[in-house]
Amino acid sequence: MEYLPRTQSQEKPRPTATAHQQRGEEKSPPSSAELTAPSPQANPQLEAVRAEMGDCKRCPLWKERKTLVFGEGNPWARLMFVGEAPGREEDLQGRPFVGQAGKLLDQFLQTIGLSREDVYIANILKCRPPGNRTPQPQEIEQCFPFLLKQTQAIKPRIICCLGGVAAQTLMGQRVAITRLRGQFIPWRWGIELFLTFHPACLLRNPGQKKNIK
Ligand code: URA
């Protein structure tokens, strides 16, 4: 359970079958038109979350970071992506998914008729773990509440979890991406989770690229 934050307040999501699944129907994914967000006017609630984070020193990752990578995109996005943590390039630029994995994410967005301006992209951790190591539970415990607040502010319809750390943290339980990948899972606040492989995993295993959706 190494990824799981230990916050008591986190409600357990219910990865139960949706009505469609119970009827044995395949739920058709929303169209890109449905996922295109309204104009990106400021979202004061989201800005308040950023202000609350400030120059965060809640966990030791601040010591080695160049930049805190809060997240970016349409503050009213209907589709939100959540990855693991910033890598080297993200740390330097202060933007999520701008390295090799980000290029693959951009290509994926293009194939579904969306751009980065339509969606919101964030990570479980806002600061780069040294050497891109896996986030530690205490780091997630400190940082995850801010992702939850971002989510509450943005109110997306769907959160696409990129990889195991995002999926396990948001679901609050161990998950097998290979089993749940491609399904819409009711989560909280009317939001559905959609689990898929992390783009970095697809870079390591190009044969899996056909399975990103
Ligand atoms: N990998 C992630 O999980 N997030 C990023 O922002 C970049 C790479």
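Mentor: Start with a stretch of backbone just past a helix. This is a predicted model, and just after helix 6, Lys155 takes a positive phi of about 55°.

Trainee: Which other residues have a positive phi without being glycine?

Mentor: The general idea is that most residues other than glycine have a negative phi. Here, Phe97 has a positive phi of about 50° although it is not a glycine, and Trp189, also not a glycine, has a positive phi near 55°. Phe97 is in the loop between helix 4 (88–93) and helix 5 (100–111), while Trp189 is in the loop between strand 5 and strand 6.

Trainee: Is Phe97 buried or exposed? And is Trp189 buried or exposed?

Mentor: Burial is read by counting C-beta neighbours: 20 or more within 10 Å makes a residue buried, and 12 or fewer makes it exposed. Phe97 is buried because 26 other C-beta atoms lie within 10 Å. Trp189 has 9 C-beta neighbours inside 10 Å, so Trp189 counts as exposed.

Trainee: What is the picture for the whole chain?

Mentor: The protein chain contains 9 helices and 6 strands. Of its 213 residues, 39% count as buried. Among contacts between residues at least 6 apart in sequence, 76% join residues at least 24 apart.

Trainee: What span should helix 6 have, and how far apart are its end C-alpha atoms?

Mentor: Helix 6 covers residues 137–154, which is 18 residues.

Trainee: Where does helix 6 bend?

Mentor: The bend is at Cys143, by about 35°. A proline, Pro145, follows within four residues.

Trainee: What do the buried residues of helix 6 pack against?

Mentor: The buried residues include Glu139, Ile140, Cys143, Phe144, Leu147 and Ile154. The buried residues of helix 6 pack against helix 3 (44–53), strand 2 (79–83), strand 3 (120–123), strand 4 (158–162) and helix 7 (164–171).

Trainee: How many residues does the largest nonpolar core have?

Mentor: That core has 47 residues, and those with the most contacts inside it are Met80, Val82, Ile124, Cys161, Leu170 and Leu193. Helix 6 gives the largest share of this core, 6 residues. Leaving aside neighbours within four places in sequence, Met80 is in contact with residues including Val119, Tyr120, Thr151 and Ile159.

Trainee: What is the order of the strands in the sheet?

Mentor: The sheet is open, with 6 strands in the order 1-3-2-4-6-5 and mixed pairing. Strand 1 (72–73) and strand 5 (184–186) stand at the edges with a single partner strand each, so one side of each has no neighbour in the sheet. Helix 7 packs on the sheet, touching strand 2, strand 4 and strand 6, and its direction makes about 130° with that of strand 4.

Trainee: In what sense do the neighbouring strands pair?

Mentor: Strand 1 and strand 3 are antiparallel, paired over 2 bridges, and Gly73 has Tyr120 in strand 3 as its bridge partner. Strand 2 and strand 3 run parallel and are joined by 4 bridges; Phe81 stands opposite Ile121 in strand 3. Strand 5 pairs with strand 6 (residues 192–196) in the antiparallel sense over 3 bridges, and the bridge partner of Pro186 is Glu192 in strand 6.

Trainee: Which way do the residues of strand 3 point?

Mentor: In a regular strand the side chains alternate between the two faces of the sheet. In strand 3, Tyr120 and Ala122 point one way, Ile121 and Asn123 point the other way, and all are buried.

Methods:
Residues numbered from 1 in each chain as written. Predicted model: local features only at pLDDT ≥ 70, side-chain atom pairs only at ≥ 80, totals over all residues. Expected span 1.5 Å × (residues − 1). Bend = angle between axes of the 7 residues up to and from the residue. Contact = placed C-beta atoms within 7 Å. Pairing = 2+ DSSP bridges. Axes fitted to C-alpha atoms, helices over the stretch in contact; angles between N-to-C directions. Core = buried A, V, L, I, M, F, W, Y, C linked by C-beta atoms within 7 Å.
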